[in-house]
Structure formats: C-alpha cells, structure tokens
Amino acid sequence: MVSFLLQIFFDPVITLIETVLFFYLLAGKLELKPSRCLMAVCFLLEFSLVTAMNYLSVPDGLRMWITLFLHIAIAYVISTSPVTRKIFWGSIYMVIVVFADTVTFLSGGLLTDYSASERLYEYPITYVMTFIYLLVCFCSVFLLTRTRKQNLILPWYLQAVFFMMIAFGIVSVELLLDLLLYLKQIDRFIENILFFSIAVFILILFLSIFLLHAIGLLYQKNLELTEENRQKLFEKQQYELISNTNQMLRTWKHDFHHYISALQAMTESRQWEQIQEYLHEISHELEKGSWLVRTGNSVIDAVLSSKLPRIQQCGIAFTHSIFLPESLPLDNLELTSLLGNLLDNAIDACEKLEKTQEKYIRLEIKPYNQFLFFDISNSSSGNHRFDVSNELISTKKEIGHGIGLKRIKQIVSDASGFLTLAPEKDSFHVNIVIPLSVSLNPPTGGTP
C-alpha cells in the first residue's frame, strides 16, 4: 500500500520540488514584482502544466520545449529586469535539468549494473536516481544564486541566437538520453559513445552560454561608456553655452552706459516715440541675456535659470536657498553637471505625477564648518527601482537611462564627498556633503 501511494504521489512531489527550485533561482537572479498573487498564480500554472504533461505522457522533446517557453514567459511576467536577463535566467533552469539528467544517467551507469531503462522505471532504484537528480539540481541552483548579480544586455538578434542555442542543445541532449532508454540490449561500448556524445553536447552548451553571457556584459559596458561619453559631451556643450552667454552679459553690461547716454540725448530732444522704441529693444536684449536667478555665482545662476522655464511649464513650486563660500570644491564643469542632473531628475519625477498632485522642488546649498551641503527634495510617485546591488536606478527601462545618477555619484566620489538617497512613498530626498579644500570665508550670495 505504501509503495502504491509513493508511486502515485512520486511525480507530483518531484514536480513541486522542481517548481520551487525554479522560482528560487528567479528570485536570486532577477528583480521580482512585489505582487504575491501574481507569483502564486504563476507558481500554480507551472506546477499544474508540468504535472499534467507527466500524466499525459507527453514526449520528452515536446515537454522540454513547452517547459522552456513556460519558464521564459513566467520570468517575463513576474520580473522587472531587462528582457535579456529574463530570457537568460528563464532558460537556465532547463539547462540545469539536462545537466542533472546527464549526471544521473552517468553515475547510474558507473555505480550500478542496472540498464538505463531499469534505472528510470524500476523501483526502488528509480528513487535513488531521482534523489541524485534533485541533488544536482539543488546544488546547481544554490551555487548560481550565490554568485553576484550582474546586469546583462544583448541586442535582439543575439537574444534570438541564445534562445535557439538553448532550445537545440536541450532537445539534442534529451534525444540522446532517450536513445539510451529505447536501446534495450545496448553494448557497453556503444553506451560509452552515447555518454561521450552527451558530454560533448553539454560542454558545448555551457561554453556557448558563458560566451554569450560574457558578450552581454561587454555589450552593456560598451553602452554605458557610450552614454557616459555622450553625457560628458553634453555637459561640455552646456558649459560652453553658459560661458558664451555669460560673456554676452558682460558685453551687454559694458555697453549699458552707452545706452544711458543715448537715452539722455533723446530725452533732451524730446524724442518720445524713439525713446519708447529704444527701450523696447533694450528690454528684448535684456530678456535674452539676463539670468532669472541671482546667487552670486554665474554658473549656478545659469544652471538654475536654464531649468526654470521647464519647471514653470510643469507647474512645479520651486524654492531655493543658496549661500556659497568664496571658493567652491567643484570646478565649473562639475558644478554644472551636478546641479543639472539633480534638477533634471527632480523635474522628471514631478512630471510623472498627476495634475491634481502637489509638485514641488526644494533646493538648498550652504556651507557648514569645513563642508558644503547640497540638499534637494522633490515630490515623487514612489515608484522607485533598484539594480542587482539594491542601489537606486532610473525608473526608465530603456537602455542608456540612469547615466545622470551615475554621473552624480562619480562627481561626489571624486570630490571625496558623501551622497545619501532617501526615496519615500511620496517624496525623494538627496543629500550631498562635500569637504572644502580651503578654509571658509563668510558666505556670499543668496536667494533674491
């Protein structure tokens, strides 16, 4: 009776263990959505479908294909990771299954005198073989989840190559294993040749996976470097624009006394219409070149003023309190990039809010003791994403986004400073502390 019950519940229990291992692998290598209900539905779908295929005696090749597609679909649904990582880690468990099958058959052939079909269908040897199979699966999953998470990106055509390679390798190895089962009276030499062929397929499969994984990491790093170079080029162009505009302002200031002289002459001649037209022209020139914010530092003035039109267009309440030491610990280019990226991120967060939600940005810069403090807070939707190291990243999933935050971290790190990010449910707070290389003089500048 006990043996009968074991045979009835044997396959469902094994399927349940494998389903748990698969989801454990995904949880260790991907960023999962917080929905427990979605996780439970996908878990039951996986368990039910695989159990049904076992009872219906679906051919192994077809069963492996269906399970592979199912694993990738589940990884895609429950994870927020990039598509490449979903495909990669959604496929890996089936590779582990094929590897475990091979190890189980090989160890059974070396350690016992049972034939391949007997090791699979005869009790109690099948329990021993299943235990070895599950042990290999468990050890493989455990080792993979202990390795460091890495971001992985591949172009679509390499994703297609990877999927076809995985599918072909899995089906090929399973077909060779099935051949061992169907050959009842197989010669030991022929069996060894088949095992050798399977080992070669497994080796090629693993080498191909490692190669594509390495290509994916290099491809992603190349994208990041390209985006960083674009960011630096943009910062340089922005700084040059600010410098040119500042030079224009100095020129305008130099010519200002000439304008006054001309106005005095026209006033003495009572040329009222000409005066009005002349004042209109001066006002137009002033609007083109004058800063909207004045803090005493032309770079900060330029950065803040360049962001004000977008801030006003989005209906964001912007307040700032800025007090500066005589000497800053950042050069003009670093200061431009730091403030520009901080404000851009804050504005992006506010733009995602509904029209009825409060939108605000508060900026404070001030010296204290031997440090310069940057403090910026803004309203937020609370939709924050984290990378494989549990560090905050851009909420934009497209390739190339998130460079601004990396640039902020780089500038702060190069200045031997400290950066604190505090994402909250409805707000986001950034605090930066940078040591001053020179003793502070009384602060100058401030808000108008």
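This is a predicted model: local features need pLDDT of at least 70, side-chain atom pairs count only at pLDDT 80 or more; totals for chains, interfaces and linings use all residues.
Exposed, for a residue, means over 50% relative accessible area, while buried means under 20% and partly exposed covers what lies in between. The chain has 448 residues, and 43% of them count as buried.

**The chain as a whole**

- Going by secondary structure, you get twelve helices and seven strands.
- Take the contacts with a separation of 6 or more: 73% of them come from residues 24 or more positions apart.

- Five strands make up an open sheet, in the order 1-2-3-7-6, and the pairing is mixed.
- Strand 1 (317-322) and strand 6 (418-423) sit at the edges with a single partner strand each, so one side of each has no neighbour in the sheet.
- On average, neighbouring strands of this sheet are turned by 10 degrees against each other, if you ignore direction.
- As background, strands in a sheet pair through backbone hydrogen bonds, and they can do so parallel or antiparallel.

**Two antiparallel pairs**

- Strand 2 (residues 360-368) pairs with strand 3 (residues 371-379) in the antiparallel sense, over eight bridges.
- In that pair, P367 stands opposite L372 in strand 3.
- Strand 6 and strand 7 also run antiparallel, and six bridges join them.
- A hairpin is what strand 6 and strand 7 form, with three residues between them.
- Here P423 is the residue that stands opposite F428 in strand 7.

**Helices against the sheet**

- Helix 10 (residues 298-313) packs on the sheet and touches strand 1 and strand 2.
- The direction of helix 10 makes about 170 degrees with that of strand 1.
- Helix 11 (residues 332-351) lies across strand 1, strand 2, strand 3 and strand 7 (427-435).
- Relative to strand 3, helix 11 runs at about 20 degrees.

**Two positive phi angles**

- N369 isn't a glycine, yet its phi is positive at about 55 degrees; you'll find N369 in the loop between strand 2 and strand 3.
- S416 isn't a glycine either, and its phi is positive at about 60 degrees.

**Cysteines**

- A disulfide here needs a pair of cysteine sulfur atoms within 2.5 Å, and by this rule the count is zero.
- For C42, the closest cysteine sulfur is in C37, 9.5 Å from its own sulfur, so that is too far for a bond.
- C42 is buried, since its relative accessible area is 7%, with the threshold for that being under 20%.
- For C139, the closest cysteine sulfur belongs to C137; the distance is 9.5 Å, which is too far for a bond.
- C139 is partly exposed, because its relative accessible area is 36%.

Definitions and conventions:
Residues are numbered from 1 along each chain as its sequence is written. Side-chain values use heavy atoms; hydrogens and water are left out. Two strands pair if DSSP finds at least two bridges between them. Helices (H or I, at least four residues) and strands (E, at least two) are DSSP runs, numbered from the N terminus. Axes are lines fitted to C-alpha atoms, for helices over the stretch in contact, and angles run from 0 to 180 degrees between N-to-C directions. Contact means heavy atoms within 4.5 Å. Buried means under 20% relative accessible area, exposed over 50%, partly exposed in between (1.4 Å probe, protein chains only).
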